[in-house]
Amino acid sequence: MSHAPSAEPALYGLMAEFDHADDLLAAARAAKAGGYAAVEGYSPMPIHGLSEILGHKNPVALLTLGGAISGLLVGFGLEYWVNMIEFPLNIAGKPDFSWPAFVVPAYETTILFGALTAALGMLVLNGLPQPYHPVFNVPAFENASRNRFFLVIESKDPRFDLAKTKSFLAGLHPMSLAEVPQ
Amino acid sequence: MSKKTTDVQPPGLIGPGHSLASVTDKIADMVLTKRTPLGWWFAVLVTGTFVGILGFTIVNVFFRGIGLWGPNNPVGWGFDIINFVWWIGIGHAGTLISAILLLLNQGWRTSINRAAEAMTIFAVMCAGMYPLMHTGRPWLAFWMLPLPNSMGMWQNFRSPLIWDVFAVSTYATVSMVFWYVGMIPDMATLRDRARNIWVKRAYGALCLGWRNAASHWDRYEIASLLLAGLSTPLVVSVHTVVSFDFAAGIIPGWHTTIFPPYFVAGAIFAGFAMVLTLMLPIRAWYRLEDFITERHLQNMGKVMLATGLIVAYGYAIEAFTAWYSGSPYESYMITNRLSGPYKYEYWSLMLCNILIPQVLWSKRARSSVWVLFGVSMAINVGMWLERFVIIVMSLHRDYLPSSWGMYHPTRYDWGMFLGTIGFFTFAFTLFVRFLPAIAIFEMRGLVPRGPARPGKGTH
């Protein structure tokens, strides 16, 4: 990164550590107010409102709706094609197009496709699986899954400037402040 | 699961004095401890023996055919279908706890949902073995799926049996996805807490590199909520479809419209009994009284009581309909249940499923671990007997007295039954040792947040 001296390893960003969810929320608000865009919070459990402050997009619900509708169409279409076109069977004189009976498997495929879309959509949008990520280079970060809360301002942010951003984060009174190597 | 729901939990869900760190360490250490409890090895040994019995039975039935089993004319469905329905029913409580109680904003589900979901998956695995072997040629089981084949044949989608294939396979898949997604953040916790490099790598791979980022949590929560929302209609549909296997038949004792709701209530009844059967010993062995509190036990007792009463209503309606129908075949079905050759099974069912659970009206009984364990064991037995009554007793005497007969299970029936119980407990034993048995990140949400200390400087 152009901001770091060339001898140093490239910088991913600056990481501030907090020990309370409310501190992280306050820090995220301050960072946004300070004009930073590439900001990410890390916390041991979901914190309501944090993502709204950071302004993340979340299309998982819409994707799932699409998945469920396609499951319905695929399931019902399969039954229609099988029992009407490819392999019509006269069973007890029932009509080939016995749509009430077709509801049940189509209902199940709706749920199946919807659920798989929700799970896989969440993973893909999150960029997982991802074996390596720079934040893990900070030793204290292992407590992000225990009892610590972290705010990272990434170096790709146009307003990122090592000295200024560092003093900005220090002004939020974190427990610790670390540079995250790339 | 969302913060909004956990901020306002009533007290009693977690013992006093817990912090984010203590909750994390206590649950993670159940997995990461170097000292495996001696009792765990003992459990592996005992349950593993039964898995061996299961393997022996399956190999025999596979190579020598299902003639080794007891079902024959007129009772063509025996232990295989009884156990299939029994296991599927047991699985349902896991989905109820993880999905329906999540949607209903019941915070008390948090500490038991992970184990209950695991129970669901193992129970569905046990259930799946039965119809697979029951087909007689399990190597051709893929014929049940709509796949292009050289015979040019396709499924008949008007049959409840193919509905069952779709319902149960969807249920198995969605339950497994829901379970795995639920464990991702906790496996990240185990990765961060593990000291051994290989353990760290294993959980690091399993958690897919989860890093607790806010944007990830946001999508994660929506995905979990949607999975719960999709699992709820799914779980209701699964046992409904299972009951269609019977209700769409014309056998007296099967051909009745009460079956879907009565099967679903019975499934929840049986499932909660099995959750208690598994959780009470684990709670004692791992000293989890702070996490699975008395309030959890009280609530589970109440759910069992309520669903038990629905089941009792089902039995009453069955008898009433049989009498009110005016059909001699239907009314004989009830006479045969009350006083026929299988009357002891029927009356034991009434004892286990209706009479014994009534002690749960008493708050003192619901607070006693031993009473709850006893009642849940009675319900486990009772729900198995219910399926015996429905399946065997309806088939053994239907319209033509000349074709009446009795059902005699063989040692291969018993071997597979005991074997799947062994497999179930074996899988659960491994689960408790190697995976987070309580949802750690959800428990963190139950820890009172407390005020942020104002004006603290850099440490």
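A residue counts as buried here if 20 or more other C-beta atoms lie within 10 Å of its own, and as exposed if 12 or fewer do. Keep that in mind as we walk through this predicted model.

Let's start with helix 3 of chain A, which covers residues 60-86. Its 27 residues reach 36 Å from the first C-alpha to the last, close to the 39 Å expected at 1.5 Å a residue. By the cut-off above, A:V60, A:L63, A:T64, A:G67, A:A68, A:G71, A:G75, A:E79 and A:N83 are buried in this helix. What covers them? The cover includes helix 4 (99-125) of chain A, together with helix 8 (214-247) of chain B.

That brings us to chain B, where a contrasting residue is waiting. B:N149 sits in the loop between helix 5 (110-134) and helix 6 (160-193) of chain B. B:N149 counts as exposed because it has 11 C-beta neighbours inside 10 Å.

How far can you trust what you see? For the complex, the predictor gives an ipTM of 0.88 and a pTM of 0.87. Chain B averages a pLDDT of 86, with 95% of its residues scoring at least 70. Within chain B, confidence is highest in helix 12 (residues 343-355), at a mean of 92, and lowest in helix 1 (residues 3-6), at 39.

Notes
Residues numbered from 1 in each chain as written. Chains lettered and ligands numbered in written order. Predicted model: local features only at pLDDT ≥ 70, side-chain atom pairs only at ≥ 80, totals over all residues. pLDDT = per-residue confidence, 0-100. Helix = DSSP H or I, 4+ residues; strand = E, 2+ residues; numbered from the N terminus. Expected span 1.5 Å × (residues − 1). Contact = placed C-beta atoms within 7 Å.
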